[in-house]
Amino acid sequence: GEYREASSRVSIRLMYYLTLMHLSLKNDDVSFPKFLMIDTPETAGIELKNLINCISKFEELDEYGKDYQVILAT
């Protein structure tokens, strides 16, 4: 319980799209583009610590050795 505005939703959405990207890089049958453009409005109330933890997960995409692109604006 502590109030965090919408910051928890931002992390959940980011992990959702990261999971879809993982699946598309791992399995060619998954029809999800190998491109993510993510923009988070200022009003979403992102907590820096959580954002850094989420962004660090994108490094795991390199393990597939395939091309992909992620554009993240916060």
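Predicted model: local features only at pLDDT ≥ 70, side-chain atom pairs only at ≥ 80, totals over all residues.

User: Which side chains meet in a salt bridge?

Analyst: A salt bridge requires a side-chain nitrogen of Lys or Arg within 4 Å of a carboxyl oxygen of Asp or Glu. The count here is 1 salt bridge: D28 and K66 meet with an N to O distance of 3.0 Å. The pair links distant parts of the chain, 38 residues apart, with D28 in the loop between α1 (7-26) and β1 (35-39) and K66 in the loop between α2 (48-56) and β2 (69-73). Such helices (H or I, at least four residues) and strands (E, at least two) are DSSP runs, numbered from the N terminus.

User: Is D28 exposed or buried?

Analyst: Buried means under 20% relative accessible area, exposed over 50%, and partly exposed in between (1.4 Å probe, protein chains only). D28 is exposed because its relative accessibility is 61%, whereas K66, at 32%, is partly exposed.

User: How is the aromatic pair classified?

Analyst: Rings of Phe, Tyr and Trp (its six-membered ring) pair if their centres lie within 6.5 Å; planes under 30 degrees apart are stacked, over 60 edge-to-face, and the rest tilted. The structure has 1 aromatic pair. The ring centres of Y16 and Y17 lie 5.1 Å apart with planes at 80 degrees, so this pair is edge-to-face. Y16 is partly exposed at 49%, as is Y17 at 36%.

User: Which residues make up the largest nonpolar core?

Analyst: A nonpolar core is a set of buried Ala, Val, Leu, Ile, Met, Phe, Trp, Tyr and Cys residues joined through side-chain atoms within 4.5 Å. The largest one has 11 residues: L14, L18, L20, M21, L25, F32, L36, I38, C54, F58 and L61. Two or more residues come from each of α1 and β1, and α1 gives the largest share, 5 residues. With contact meaning heavy atoms within 4.5 Å, F32 touches Y17, L20, M21 and S24, leaving aside residues up to four places away in sequence.

Technical notes: Residues numbered from 1 in each chain as written. Heavy atoms only, no water.
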